[in-house]
Amino acid sequence: MSTPPTPSPIPTPTPQASAASCTTPAGDRLQALVDARKALPGAMLPILHAIQEEFGWVPPEAVPMIASALNLSRAEVYGVLTFYHHFCTQPPGRHVVQVCRAESCQAMGGEGLEAYARATLGVDWHETTADGAVTLLPVYCLGNCACSPAVRVDDDVRGRITPARFDALLAGLRERDAERAGQEVAA
Amino acid sequence: MSVSVPAPAGARSTYADEVVLPQDGGTAAVRRLYVPIDSGALSLGAEETAAAIAAEAARRGIAVDIVRNGSRGLYWLEPMVEVVTSHGRIAYGPVQAEDVAALFDAGFLDGAPHRLGHGLTEHIPFLAGQERLTFARVGIVDPLCLDDYRANGGFDGLARAAAMAPAEVVQEVTDSGLRGRGGAAFPTGIKWKTVLGTPAAQKYVCCNADEGDSGTFSDRMLMEGDPYCLIEGMAIAGLAVGATQGYIYVRSEYPHAFRTLEQAIDRARAAGYLGPDVLGSGRAFELEARMGAGAYICGEETSMLESLEGKRGVVRAKPPLPAIAGLFGQPTVINNVMSLASVPVILAKGAAFYRDYGMGRSHGTLPFQLAGNIRHGGLVEKAFGITLRELLYDYGGGTASGRPIRAVQVGGPLGAYVPESQFDVPLDYEQYAAMGAMIGHGGLVVFDDRADMAKLARYAMEFCAEESCGKCTPCRIGSTRGAEVLDRILDARAHHRPAGKELALLESLCDTMLNGSLCALGGMTPYPVLSALKHFPRDFGAQDKSAPAAA
Ligand SMILES: Cc1cc2nc3c(=O)[nH]c(=O)nc-3n(C[C@H](O)[C@H](O)[C@H](O)COP(=O)(O)O)c2cc1C
Ligand code: SF4
Ligand code: FES
């Protein structure tokens with residue numbers, strides 16, 4: 001039949017793995033990500049997304065690279081980077097947990113969930129747990145409002161979250177981390 | 001979107017068009033099921049359900065073809081599994097992984113009764129009463145399968161448009177009465193006409209898929225469940241106005257929709273629906289999805305253009321209109337996902353077909369979204385003219401909590417809180433405007449009688465302060481002051497002190513924001529605040545002027 005096969009996505013290293021290694025990301029890798037996109041019209045956001053996807057955040061050394069590639073001042077690049085909530089200028093924890101604070105989730109007890117998330121993780125918004133496992137962020141609607149209250153764990157949205165389901169999600173993250181750590185030791 | 005279900009022999013776990021038959025030479029018919037890959041369904045465990053079905057089928061030696069469809073929009077039944085039988089598709093839901101073995105035991109592959117069974121999907125009252133024009137295929141087709149799309153009327157509109165003169169296509173859209181579904185309800189055809197009539201070497205079509213309003217998810221559902229419909233609408237827009245490049249600006253909260261679109265664009269291009277020669281018309285239209293970065297204001301069209309150009313999302317003053325000087329200074333069509341996704345059916349079935357739905361100057365259908373504290377949350381596409389009461393009770397089944405509905409926020413965070421006394425006003429752009437409300441993108445967020453309207457008003461101000469682009473003072477400073485005034489009102493309420501002076505201040509502040517803001521973020525944040533104050537004055541410690549004296 002006429003439909004072409006699904007093109008497989010371009011493999012990129014997992015952001016968690018790179019972010020967790022805590023070393024300054026390799027400058028030439030950053031430069032390659034910038035160079036591959038600098039000719040796009042309106043290249044700034046695609047470049048920032050590519051960097052954040054690979055490193056988990058946008059390291060400061062990216063700013064002058066982008067500035068010179070796009071012929072802008074560093075201040076202009078920094079201005080864009082900090083305007084958007086999505087981009088992190090600090091390395092996040094191994095996982096990012098976003099809790100929806102918008103109206104539909106409020107109508108389904110979201111405020112209680114917000115409090116529960118902060119208390120269980122022992123952090124406030126935009127903070128990372130002491131063990132580096134989870135960064136907690138507020139989010140204003142995940143488009144899952146028929147299943148409120150909603151959260152997003154890394155790239156997965158989850159709905160109808162009760163404290164018990166929230167705990168189960170966190171337990172799942174810890175399990176995954178333990179598995180990964182086990183694999184790294186074995187390797 | 002490769003699916004991570006471990007597939008038994010005979011299962012289809014990707015969007016491959018051909019079903020792989022069992023390798024043991026088995027002659028048993030392959031049983032087809034649908035398990036949504038919509039992110040709302042996934043958020044409730046659809047991936048685990050699909051995997052459990054595949055594993056259970058393998059264990060029993062049954063060959064199954066699991067198609068991953070969009071959601072039908074019955075979210076209280078998600079994950080909703082549909083089984084194809086000789087009578088039609090039969091629905092079961094909500095199906096969790098642990099329910100799967102029992103469903104097999106009960107014979108659900110033959111549509112047998114079960115406590116999770118709902119009979120023929122099409123006959124479920126929530127669906128049966130709808131008028132699905134824009135959502136005609138969502139939940140029915142395999143989202144990335146071009147054959148499915150074509151078999152269900154896909155690309156008929158584009159084929160017709162490709163054979164028409166650009167001005168005729170624009171006229172058809174104008175005649176349909178379609179108005180922008182992103183919020184402002186501006187006639188789509190008029191906007192296109194301006195772009196068509198503005199000569200330029202390069203023109204653009206930009207789809208606004210920023211869908212930031214709480215209580216809305218129709219754009220997401222369509223992009224995940226029927227992406228070719230949006231692509232077709234954009235290609236028609238491109239041919240109509242002479243634009244050769246399109247962008248879809250998708251919010252970063254929708255990574256799943258973004259990936260689906262990227263794959264759909266690749267496939268549509270490979271099949272000749274996009275690219276240098278759209279459907280043999282000799283005219284080009286290229287398309288690219290771009291990801292936003294978590295700024296509500298980037299849903300405002302000029303802020304979106306700034307963002308696409310790689311800048312901070314600061315709102316531009318108008319004029320010039322984007323239709324004349326938009327993206328990179330060129331003439332640009334900017335439309336919401338729902339507006340563009342309504343264009344294919346208009347071209348395929350004609351302007352009159354679409355125009356005949358609706359009432360007054362609100363033509364066609366709107367995919368309403370039932371959200372918040374509602375028993376049957378989901379998507380209801382109906383012609384304009386339906387009332388909130390019908391949507392909330394006949395479709396929504398009342399609150400999820402079982403308590404009385406107190407207020408409904410219609411049209412997102414800048415929309416008014418509508419009280420029960422207004423539930424019978426038909427949903428029509430003009431009638432809503434007349435009562436100081438707006439339909440916007442069609443999101444309905446339901447609150448039960450525990451809602452604290454003063455706190456919700458405070459939240460509206462806080463949200464505005466958080467998301468303001470900072471360009472004008474009434475919005476940037478006014479919203480912060482507004483939250484502070486509301487804090488004092490809440491404090492006065494807690495201590496049973498009169499808050500008359502603060503209330504007057506709040507009203508005058510809202511007045512300044514309404515009249516002095518450059519865009520609707522600052523200009524309409526007063527809507528939820530003032531409607532809450534007007535209809536629920538006691539929550540603010542004020543006298544209820546409309547309440548019976550003896551109450
Ligand atoms: C603060 C603000 C946020 C907006 N958010 C969106 C949005 O998320 N999606 C959208 O389509 N329109 C949004 N709009 C409306 C757009 O500015 C614009 O009117 C619309 O995209 C035009 O498309 P339409 O004519 O098809 O509705 C927003 C407007 C404002 C002021
Ligand atoms: S009203 Fe607010 S968001 Fe709109 S332009 Fe002014 S400051 Fe920016
Ligand atoms: S309001 Fe929370 S997901 Fe939409």
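Predicted model: local features only at pLDDT ≥ 70, side-chain atom pairs only at ≥ 80, totals over all residues.
B:Asp226 lies in the loop between helix H9 (218-225) and helix H10 (227-241) of chain B, whereas B:Arg137 lies in the loop between helix H4 (125-128) and helix H5 (146-151) of that chain, so the pair ties together parts that are 89 residues apart in sequence.

**The surroundings of B:Asp226**

B:Asp226 is itself buried, with a relative accessible area of 0%. Leaving aside residues up to four places away in sequence, B:Asp226 touches B:Arg137, B:Val138, B:Val141, B:Tyr149 and B:Met221. After H10(B) comes B:Gly242, a residue with a positive phi, near 80°.

Over all chains, a search of the whole structure finds 47 salt bridges. In general terms, side chains of opposite charge can pair when their charged atoms come close.

| Residue with nitrogen | Residue with oxygen | N to O distance |
|---|---|---|
| B:Arg458 | B:Glu462 | 3.1 Å |
| B:Arg497 | B:Asp491 | 2.8 Å |
| B:Arg259 | A:Asp155 | 3.5 Å |

How far apart in helix H17 of chain B are B:Arg458 and B:Glu462? Both lie in this helix (residues 453-467), four residues apart, which is about one turn of the helix. An α-helix has 3.6 residues a turn, so residues three or four places apart point the same way. B:Arg458 counts as partly exposed at 21% relative accessibility, and B:Glu462 is also partly exposed, with a relative accessible area of 25%. These two residues belong to a network of salt bridges that links A:Arg101, A:Glu114, B:Arg458, B:Glu462 and B:Asp487.

In the pair of B:Arg497 and B:Asp491, B:Arg497 is partly exposed, with a relative accessible area of 43%, and B:Asp491 counts as partly exposed at 36% relative accessibility.

**The interface of chain A and chain B**

Contact between the two chains involves 45 residues of chain A and 74 residues of chain B. The area buried between them is about 4,400 Å², of which carbon and sulfur atoms give 55%. On the side of chain A, the residues that lose the most area to chain B are A:Phe83, A:Glu103 and A:Tyr140, together 15% of what that side buries.

Four salt bridges are found across this interface, and the side chains of B:Arg259 and A:Asp155 meet in a salt bridge between the two chains. The count of residue pairs in polar contact between chain A and chain B is 23. Helix H3 (44-55), helix H5 (74-83), helix H6 (103-107) and strand S4 (156-158) of chain A each supply at least two residues of the side that touches chain B. By class, that side of chain A has 24 nonpolar, 13 polar and eight charged residues.

**Chain A as a whole**

Chain A contains eight helices and four strands, which follow one another along the sequence in the pattern α-α-α-α-α-β-α-α-β-β-β-α. Of the 187 residues of chain A, 48% count as buried. Among contacts in chain A with a separation of 6 or more, residues 24 or more positions apart account for 59%.

**A further position in chain B**

B:Ala351 lies in helix H14 (residues 351-355) of chain B and counts as buried, at 7% relative accessibility. Apart from residues up to four places away in sequence, B:Ala351 touches B:Glu172, B:Asp175, B:Ser176 and B:Ile346. B:Ala351 and B:Cys298, which are 53 residues apart in sequence, are 31 Å apart in space, C-alpha to C-alpha.

Terms used:
Residues numbered from 1 in each chain as written. Chains lettered and ligands numbered in written order. Heavy atoms only, no water. Buried < 20%, exposed > 50% of the residue type's maximum accessible area, 1.4 Å probe, protein only. Contact = heavy atoms within 4.5 Å. Buried area = accessible area lost by both parts, 1.4 Å probe. Polar contact = N/O pair within 3.5 Å; in protein donor to acceptor, adjacent residues only side chain to side chain. Nonpolar A, V, L, I, M, F, W, Y, C, P; charged D, E, K, R; others polar.
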